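Subject: Structure handover

Hi,

Here is the structure you asked for. My notes follow below it.

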Amino acid sequence: MAIRLKKKHQPNAMFQIAPMIDVVFLLLIYFMVGTTIHKQEADIRFTLPGVAPTEEAIDFPDEQIIEIRADGQVVVNDSVYDASSSGRLVQLTAMLTRFRQASEASRSSAAVTLAPDPAVPHQRIVRVMDACAAAGITQVNFALGDDE
Amino acid sequence: MAPMIDMVFLLLVFFMCVSSLAQAERAVPVELPASTESKVPEDLADRATITLCADGAIFLGAARAEPGELGERLRRTLEADPRTRLHVRADATVRFEDIRRVLRICAEAGAYDVIYATHQEG
């Protein structure tokens, strides 16, 4: 009996790996859940019309002006491409892809200028920029115009 | 062994906190638009973040900015680092006229390289 008690009070010099694994897994799961809940932000790029003076001759790229009406309709050269409710702009993407291929065939670069109505929500503009990116057009610009 | 693991975890947690604090500038919560073609960036350097909330409030970094002073502050940022890219975080419901006002201030301040923040979908 006395020997047993003595053994009980001896400090355990062994390194306990099981509780450490418990804690590690807990931390792992905590951070996994934390990162999935926190949605990552992604980028979509464009350039603004510059006012900087240029000395060199500029290659004028082929340019299309995409109009976005207040109700969300997308209009290029007076023809409507996708209904105002459609999420993915399939017709616009197809048209822009043909436009880019035609520009590449004539060895110039395809550029797009967006001219949204002032009342267009941001989501709709991003959808149109998606269509440009899907068609492979990297030069996207905004017509800032004047306040009416 | 055990003290070493303690230290390793302490360092791990420390660096995780620091890296999340480094991105705290983008902390103003907005409902970003969904996008299918956007990419999650690897390079987060040289960014000036402008946030447009649904109620029309504008933030430069984490601080509230009025449209009048925005241009001046952007110009100073660009002078300090000409490679600065603008990172525009606009709420999905913000109307283009509000974004256009900010974009025009940016163009006047000399920032032409602009990035819209979105959430990936699909």
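Predicted model: local features only at pLDDT ≥ 70, side-chain atom pairs only at ≥ 80, totals over all residues.

What span should helix α2 of chain B have, at 1.5 Å a residue? The 14 residues of α2 (67-80) should span 20 Å. The end C-alpha atoms are 21 Å apart, which agrees.

**Cores**

The largest nonpolar core has 52 residues. Those touching the most other members are A:Ile66, A:Leu92, A:Leu96, A:Phe142 and B:Tyr116. α3(B) gives the most to this core, with 8 residues. There is also a second, separate core of 7 residues. Among its members are B:Val28, B:Ala57, B:Phe59 and B:Ala117.

**B:Val28**

B:Val28 sits in the loop between α1 (2-22) and β1 (34-35) of chain B. Its relative accessibility is 11%, so B:Val28 counts as buried, the cut-off being under 20%. Leaving out residues up to four places away in sequence, B:Val28 touches B:Thr51, B:Cys53, B:Phe59, B:Gly61, B:Ala62 and B:Arg89. B:Thr51 is 23 residues away along the chain, yet the two C-alpha atoms are separated by 7.1 Å.

**Salt bridges**

Over all chains, the structure holds 9 salt bridges. One of them pairs B:Arg47 with A:Asp43, with the closest N and O atoms 2.3 Å apart. B:Arg47 lies in strand β2 of chain B and A:Asp43 in strand β1 (41-47) of chain A, so this pair joins two chains. Both partners count as buried: B:Arg47 because its relative accessibility is 15%, A:Asp43 because its relative accessible area is 13%.

B:Arg83 forms a salt bridge with B:Asp46, at 4.0 Å from N to O. That pair links distant parts of the chain, 37 residues apart. B:Arg83 is in the loop between α2 and β5, and B:Asp46 in the loop between β1 and β2. At 60% relative accessibility, B:Arg83 counts as exposed. B:Asp46 is partly exposed, at 25%. B:Arg83 also meets B:Asp81, at 3.7 Å. Together, B:Asp46, B:Asp81 and B:Arg83 are linked in a network of salt bridges.

Best wishes

Terms used
Residues numbered from 1 in each chain as written. Chains lettered and ligands numbered in written order. Heavy atoms only, no water. Helix = DSSP H or I, 4+ residues; strand = E, 2+ residues; numbered from the N terminus. Expected span 1.5 Å × (residues − 1). Buried < 20%, exposed > 50% of the residue type's maximum accessible area, 1.4 Å probe, protein only. Contact = heavy atoms within 4.5 Å. Core = buried A, V, L, I, M, F, W, Y, C linked by side-chain atoms within 4.5 Å. Salt bridge = Lys/Arg side-chain N within 4 Å of Asp/Glu carboxyl O.
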